[in-house]
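Here's a friendly walk through a protein model, one piece at a time. Have a look at the sequence and the structure first, then read on.

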Amino acid sequence: MPLPPTTTIARLTADDMDRHLDDLCRVLIDSVEDGAAISFMSPLSQEAAAAFWSDSVRPDVARGDRLLLGAVQDGRLIGTVQLVLAMPPNQPHRGEISKMIVHPEGRRLGLGTALMQAALRAAKDAGKTIVTLDTRSGDVSEGLYRRVGFEVAGTIPDYAFDPDGIQRHATTYMYRYV
């Protein structure tokens with residue numbers, strides 16, 4: 001599915017993150033509220049979301065240890081994916097996908113696929129030969145990852161709570177050669 005004509009996928013710098021901080025927070029907060037299993041509990045405050053982007057992600061992006069790719073539609077950021085490049089000394093060939101998030105209003109438009117394809121190209125360009133990720137077992141994202149070539153390595157039951165804090169879910173570990 002081609003992206004809407006006013007949508008681009010771009011690598012975001014630390015300065016871009018500052019400019020798009022409100023959008024980054026909105027994507028994260030609204031996705032958690034919609035039930036996305038991305039490590040946060042609902043309700044997620046604006047302050048907690050801003051701290052995640054500014055204090056956890058931005059320093060890694062500024063150092064080049066993590067790439068942040070964004071889907072921008074009509075000047076507004078509506079989706080992101082992170083590629084962690086900094087790995088332990090015995091894993092310099094591996095990258096890790098983290099926090100693939102598309103705002104609920106932007107889903108089913110091909111943005112997730114486009115973000116993942118861009119992340120895989122970036123991994124290859126960075127000299128990575130394998131990329132890993134984990135996702136809530138049975139989640140719609142698992143199907144997306146399979147469609148872009150990821151294979152299941154295994155699952156862990158009762159891995160984490162859903163954002164509502166009521167039920168725990170399993171996580172599926174996946175990998176793909178690039």
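Let's start with leucine 3. Leaving aside residues up to four places away in sequence, leucine 3 touches Ile9, Leu109, Gly110, Leu111 and Ala114, where touching, or contact, means heavy atoms within 4.5 Å. Leucine 3 sits in the segment before strand 1; helices (H or I, at least four residues) and strands (E, at least two) are DSSP runs, numbered from the N terminus. With a relative accessibility of 27%, leucine 3 counts as partly exposed. On that scale, buried means under 20% relative accessible area, exposed over 50%, and partly exposed in between, using a 1.4 Å probe and protein chains only. Leucine 3 and glutamate 96 are 93 residues apart in sequence, and their C-alpha atoms are 24 Å apart in space.

A quick word on what you're looking at: this is a predicted model, where local features need pLDDT of at least 70 and side-chain atom pairs count only at pLDDT 80 or more, while totals for chains, interfaces and linings use all residues. Residues are numbered from 1 along each chain as its sequence is written, and side-chain values use heavy atoms, with hydrogens and water left out.

Now for the sheet. How many strands form the open sheet, and in what order? There are 7 strands, in the order 1-2-3-4-5-7-6, and the pairing is mixed; two strands pair if DSSP finds at least two bridges between them. Strand 1 (7–12) and strand 6 (151–161) stand at the edges with a single partner strand each, so one side of each has no neighbour in the sheet. On average, neighbouring strands of this sheet are turned by 25° against each other, direction ignored. As a reminder, strands of a sheet pair through backbone hydrogen bonds, either parallel or antiparallel.

Let's follow the sheet from strand 3. Strand 3 (residues 76–84) pairs with strand 4 in the antiparallel sense over 5 bridges, and valine 84 has glutamate 96 in strand 4 as its bridge partner. Strand 4 (residues 94–102) is also joined to strand 5 by 3 bridges, and these two run parallel. Here glycine 95 stands opposite valine 131 in strand 5. Between the two comes a helix: strand 4, helix 4 (residues 111–125) and strand 5 make a right-handed β-α-β unit. Right-handed here means that, with the strands pointing away from the viewer, the path from the first strand over the helix to the second runs clockwise.

Is strand 5 mostly covered or uncovered? Strand 5 (residues 130–136) is mostly covered, with 6 of its 7 residues buried. Strand 5 also pairs with strand 7 (residues 168–177), in the antiparallel sense over 7 bridges, and threonine 132 stands opposite tyrosine 175 in strand 7. Helix 5 (residues 140–147) lies across strand 4, strand 5, strand 6 and strand 7, and runs at about 160° to strand 5. For such angles, axes are lines fitted to C-alpha atoms, for helices over the stretch in contact, and the angles run from 0 to 180 degrees between N-to-C directions.

Strand 6 and strand 7 pair in the antiparallel sense over 7 bridges, with glycine 154 and tyrosine 173 as bridge partners. The two strands form a hairpin with 6 residues between them, and glycine 165 in the turn has a positive phi of about 75°. Aspartate 158, in strand 6, has a positive phi of about 50° although it is not a glycine. Another case is aspartate 74, with phi near 55°, in the loop between strand 2 (66–73) and strand 3. Aspartate 74 is exposed, with a relative accessible area of 61%. For background, most residues other than glycine have a negative phi, and most peptide bonds are trans.

That brings us to a cis bond, the one from serine 42 to proline 43, with omega near 0°. Proline 43 lies in the loop between helix 2 and helix 3. The axes of helix 2 (residues 21–33) and helix 3 (residues 46–63) come within 9 Å and cross at roughly 115°. By class, their contact has 9 nonpolar, 2 polar and 1 charged residues; Ala, Val, Leu, Ile, Met, Phe, Trp, Tyr, Cys and Pro count as nonpolar, Asp, Glu, Lys and Arg as charged, and the others, Gly among them, as polar. Helix 3 also holds aspartate 60, which is buried at a relative accessible area of 16%.
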